[in-house]
Protein chains: 2
Amino acid sequence: MPTPGKGDRYHHGDLRAALIEAAIELIREGGVSGFSMSEASRRLGVAVSAPYAHFADRNDLLAAVAVRACEVFYREMLQEIGKARDPADRLAAIARCYVRFAGFNRPLFEVLFTGRIDKRGHPEVEEAERPLDDTLLEIVRAVSGEDPLSSDDLATAAEAAAHGHAMMLLDGDFGDGDAAIEEAAQRASAATLALIEGRRLLSRRSAPKT
Amino acid sequence: MPTPGKGDRYHHGDLRAALIEAAIELIREGGVSGFSMSEASRRLGVAVSAPYAHFADRNDLLAAVAVRACEVFYREMLQEIGKARDPADRLAAIARCYVRFAGFNRPLFEVLFTGRIDKRGHPEVEEAERPLDDTLLEIVRAVSGEDPLSSDDLATAAEAAAHGHAMMLLDGDFGDGDAAIEEAAQRASAATLALIEGRRLLSRRSAPKT
DNA sequence: GTCTATATCCCGATAGAC
DNA sequence: GTCTATCGGGATATAGAC
């Protein structure tokens with residue numbers, strides 16, 4: 001009865017991949033804390049002990065979800081960045097992308113950016129995060145040009161603005177549905193541009209000679 | 001043995017208040033999800049059933065903590081605002097205050113701003129939040145003056161910036177200790193000012209007649 | 001208002017059979 | 001790789017005595 005390839009009991013099926021999918025679905029329904037190994041097993045119709053053949057423990061499975069999250073986010077980020085040439089517009093595009101990712105891939109976003117997963121013993125996660133950080137830093141440097149100190153400042157401020165809008169979106173502050181997501185993304189983008197302009201203005205004021 | 005007033009078993013003591021304190025301490029140690037009625041009872045040396053004489057359920061206790069959080073935050077906010085006259089500086093002061101509150105009163109901040117507590121049947125919480133919202137809106141209006149539409153935009157952007165910095169602080173992105181808190185607060189304040197200036201600049205560009 | 005005792009449920013993780 | 005069975009733990013909440 002258990003068909004090899006895809007069956008109803010995951011005998012010889014790809015239980016590992018199915019567990020990741022199930023975890024994402026559970027997180028969608030009840031947040032990271034709403035995910036449990038037992039419930040995932042129940043959903044898939046396997047024994048509660050089955051997952052431990054593929055993941056050392058609960059945190060190990062969450063780490064796999066986090067890696068997936070990085071991959072998805074990175075892909076979408078590159079795509080969105082490609083549409084713009086101006087560095088400031090690119091940074092705004094990242095903010096837009098960040099918020100959209102939060103709205104359209106809420107479970108992945110939560111695991112990656114609010115999910116406090118234990119990274120000890122999971123270097124894969126930090127490795128998957130690196131391309132994201134690198135890309136952000138590269139663009140931020142293109143925006144603020146010369147001064148490396150100011151780059152870090154801008155990176156932090158932009159990240160905070162994007163993160164703030166994303167959290168407010170997930171909190172329901174913009175309402176529900178796709179329209180809410182796009183509004184939040186648009187505002188994050190606009191805020192990022194305003195941030196860039198405002199910083200230029202203020203730094204010019206405090207150091208008029210430059 | 002059980003001394004009325006203050007004893008080691010809270011017989012005739014103020015168990016209700018003690019439970020709120022215990023809840024805050026537990027949240028400090030393990031986040032909102034790290035708080036439980038049973039553990040709080042254990043810490044106070046009372047039976048697990050005792051809390052239910054004062055709170056209908058777990059969520060009811062959390063709501064009480066949220067109300068306390070509003071009170072503390074509001075008080076600190078008023079104090080910080082009083083130091084500045086210029087509306088922009090006041091808004092920056094709110095951002096600074098928001099981040100400091102997150103850093104110095106982490107448990108209260110988490111319950112109020114990230115703690116997803118169920119507000120159904122707890123109008124007291126939303127009522128306690130109102131003064132906060134009102135004060136923010138009042139100051140934001142003073143900043144952006146005329147245009148009421150732009151006021152809402154600015155309020156959202158400022159809130160997002162403050163929230164973003166606060167979350168990054170709690171995430172350890174600025175390091176640990178008081179210095180980290182002050183750095184995050186300072187950055188949130190600076191970002192808020194930049195945001196205000198940048199918005200003025202960009203709106204002037206798109207509508208040069210004004 | 002507090003206690004004892006209990007019902008009910010869910011969780012993570014492991015041992016050993018197949 | 002998966003199953004059955006189980007251990008050990010912790011949670012919420014209620015009933016009834018004092």
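Which residues of helix α5 (residues 106-114) of chain B are buried? They are B:Pro107, B:Leu108, B:Phe109, B:Glu110, B:Val111 and B:Leu112. This comes from a predicted model. The cover over these buried residues includes five helices of chain B: α1 (15-30), α3 (58-81), α4 (87-104), α6 (123-144) and α7 (148-170). After α5(B) comes B:Arg116. Its phi is positive, near 30 degrees.

Now turn to chain A as a whole. Chain A has eight helices and zero strands. Read along the sequence, the pattern is α-α-α-α-α-α-α-α. The C-alpha trace of chain A spans about 80 × 35 × 30 Å along its principal axes. Chain A has 210 residues, and 47% of them count as buried. Its accessible surface comes to about 10,700 Å². Carbon and sulfur atoms hold 49% of that surface.

Next, look at contacts. Take those in chain A with a separation of 6 or more: 67% of them join residues 24 or more positions apart. A:Ala23 gives a local view. This residue lies in helix α1 (residues 15-30) of chain A. A:Ala23 counts as buried because its relative accessibility is 0%. Set aside its neighbours within four places in sequence, and A:Ala23 is in contact with A:Phe35, A:Leu61 and A:Val65. A:Asp176 is 153 residues from A:Ala23 along the chain, and their C-alpha atoms are separated by 23 Å.

Chain A carries 26 positive and 34 negative charges. Side chains of opposite charge can pair when their charged atoms come close. Over all chains, the structure holds 34 salt bridges.

One salt bridge joins the side chains of A:Arg68 and A:Glu21, at 3.0 Å from N to O. This pair links distant parts of the chain. A:Arg68 sits in helix α3 (residues 58-81) of chain A and A:Glu21 in helix α1 of chain A, 47 residues apart. A:Arg68 counts as partly exposed because its relative accessibility is 28%. A:Glu21 is partly exposed too, with a relative accessible area of 42%.

Another salt bridge joins the side chains of B:Arg187 and A:Asp153, at 3.2 Å from N to O. The pair crosses between chains. B:Arg187 belongs to helix α8 (residues 177-206) of chain B, and A:Asp153 to helix α7 of chain A. B:Arg187 is partly exposed at 22% relative accessibility. A:Asp153 is partly exposed, with a relative accessible area of 31%.

B:Arg43 forms a salt bridge with B:Glu39, and their closest N and O atoms are 3.1 Å apart. Both residues lie in helix α2 (residues 37-44) of chain B. They are four residues apart, about one turn of the helix. B:Arg43 is partly exposed at 42% relative accessibility. B:Glu39 is partly exposed as well, with a relative accessible area of 23%.

Salt bridges can also form a network. A:Glu80, A:Lys83, A:Arg96, A:Arg100 and A:Glu182 are linked in this way.

Finally, go to the surface. A:Asp133, A:Asp134, A:Glu138, A:Glu159 and B:Asp173 gather there in a patch of negative charge. Which helix gives the largest share of the negative patch? Helix α6 (residues 123-144) of chain A does, with three residues. A:Glu159 has its place in helix α7 (residues 148-170) of chain A. This residue counts as partly exposed because its relative accessibility is 32%.

How values were computed:
Residues numbered from 1 in each chain as written. Chains lettered and ligands numbered in written order. Predicted model: local features only at pLDDT ≥ 70, side-chain atom pairs only at ≥ 80, totals over all residues. Heavy atoms only, no water. Patch = residues over 30% accessible without salt bridge, like charges linked within 9 Å, V, L, I, M, F, W, Y side chains within 5 Å. Areas by Shrake-Rupley, 256 points an atom, 1.4 Å probe, with all protein chains shown as cover. Salt bridge = Lys/Arg side-chain N within 4 Å of Asp/Glu carboxyl O. Lys, Arg positive; Asp, Glu negative; His and termini not counted. Charge placed at Lys NZ, Arg CZ, Asp CG, Glu CD. Helix = DSSP H or I, 4+ residues; strand = E, 2+ residues; numbered from the N terminus. Buried < 20%, exposed > 50% of the residue type's maximum accessible area, 1.4 Å probe, protein only. Contact = heavy atoms within 4.5 Å.
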